[in-house]
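I opened my notebook to write down what I looked up in this structure.

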Amino acid sequence: AYFEVCHEMKMIVDLIIEGGISKLRWSISDTAEYGDYVSGPRVIDDHVKKNMKAVLDDIQNGAFAKRFIADQDAGAPQSKKFREGEAKHPIEATGKELRKMYSWLA
């Protein structure tokens, strides 16, 4: 899955930029298109939309900026902790091994 996402992401974005979601759907297999229609709403549901709205509210009302600035003013301890934790995530180890096999990165 990691390889597919990383390898295909640019193509997906380019297709959307070129012709929107409909161009993307036209370009993928019928199975993938069908999966988008039946599985997409199960993943991006009202709960996800509610959470995204809450994040947007934090940005718009300044709460995000206040939290970020406070962290930066304190020497970024929270940012550093997040960065270190994410660097240890298994997806990073998997990605490192897979990128060794990318002939175009050599």
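**Entry 1**

Is F64 buried or exposed? I looked up its relative accessible area and found 52%. F64 is exposed, because the cut-off for that word is over 50%. I noted at once that I am working with a predicted model.

Next I searched the whole structure for aromatic pairs and got two. One is F64 with F68. Their ring centres lie 6.4 Å apart. Their planes stand at 0 degrees, so I wrote this pair down as stacked. Both residues sit in helix 4. They are four residues apart there, which means about one helical turn separates them. I then checked F68 and read a relative accessible area of 42%. That makes F68 partly exposed.

The rings of Y102 and W104 are also paired. Here the centres are 4.6 Å apart and the planes meet at 15 degrees. I called this pair stacked too, because planes under 30 degrees apart count as stacked. Is Y102 buried or exposed? Y102 is buried, with 10% relative accessibility. W104 is exposed, at 52%.

**Entry 1: a nonpolar patch**

Which residues make the nonpolar surface patch? I listed V55, L56, I59, F64, F68 and I69. Together they make a patch of about 580 Å². F64 and F68 from my first entry are both among them.

I asked which helices supply the patch. Helix 3, residues 46-60, gives at least two of its residues. Helix 4, residues 63-73, also gives at least two. V55 is found in helix 3. Its relative accessible area is 48%, so V55 is partly exposed.

**Entry 2: the shape of helix 1**

How far does helix 1 span between its end C-alpha atoms? I found only 21 Å. A straight helix of 26 residues would span 38 Å at 1.5 Å a residue. I then looked along helix 1 for a bend. There is a kink of about 125 degrees, centred on G19.

I also compared two positions in the chain. I12 and R25 are 13 residues apart along the chain. Their C-alpha atoms are separated by 9.8 Å. I12 is placed in helix 1. I12 is partly exposed, at 33% relative accessibility. Which residues of helix 1 are buried? I wrote down Y2, L15 and L24.

**Entry 3: salt bridges**

How many salt bridges does the structure hold? I counted five, and I followed up some of them.

I began with K10 and D14. Their side chains meet in a salt bridge at 2.7 Å, N to O. The two are four residues apart in helix 1, so about one helical turn lies between them. K10 is exposed at 59% relative accessibility. D14 is partly exposed at 34%.

Then I turned to K23 and E18. This salt bridge has an N to O distance of 2.6 Å. K23 counts as partly exposed, at 24% relative accessibility. E18 is exposed, with a relative accessible area of 55%.

D36 is partly exposed at 28% relative accessibility. R25 is partly exposed as well, at 25%.

**Entry 4: helix 2**

I noted its range as residues 30-43, which is 14 residues. What is its reach from first C-alpha to last? I read 19 Å. That is close to the 20 Å expected at 1.5 Å a residue.

I still checked helix 2 for a bend. Where does helix 2 bend? The bend is at Y37, and the angle is about 35 degrees. A proline, P41, follows within four residues.

**Entry 5: looking back**

Helix 1 has its kink of about 125 degrees at G19. Helix 2 bends by about 35 degrees at Y37.

Methods:
Residues are numbered from 1 along each chain as its sequence is written. This is a predicted model: local features need pLDDT of at least 70, side-chain atom pairs count only at pLDDT 80 or more; totals for chains, interfaces and linings use all residues. Side-chain values use heavy atoms; hydrogens and water are left out. Patches are made of residues with over 30% relative accessible area and no salt bridge: like charges are joined within 9 Å, nonpolar side chains (Val, Leu, Ile, Met, Phe, Trp, Tyr) within 5 Å. Accessible areas come from the Shrake-Rupley method with a 1.4 Å probe; for residues, only the protein chains shown count as cover. A salt bridge is a side-chain nitrogen of Lys or Arg within 4 Å of a carboxyl oxygen of Asp or Glu. Buried means under 20% relative accessible area, exposed over 50%, partly exposed in between (1.4 Å probe, protein chains only). The expected span of a helix is 1.5 Å times one less than its number of residues. The bend at a residue is the angle between axes fitted to the seven residues ending there and the seven starting there. Rings of Phe, Tyr and Trp (its six-membered ring) pair if their centres lie within 6.5 Å; planes under 30 degrees apart count as stacked, over 60 as edge-to-face and the rest as tilted.
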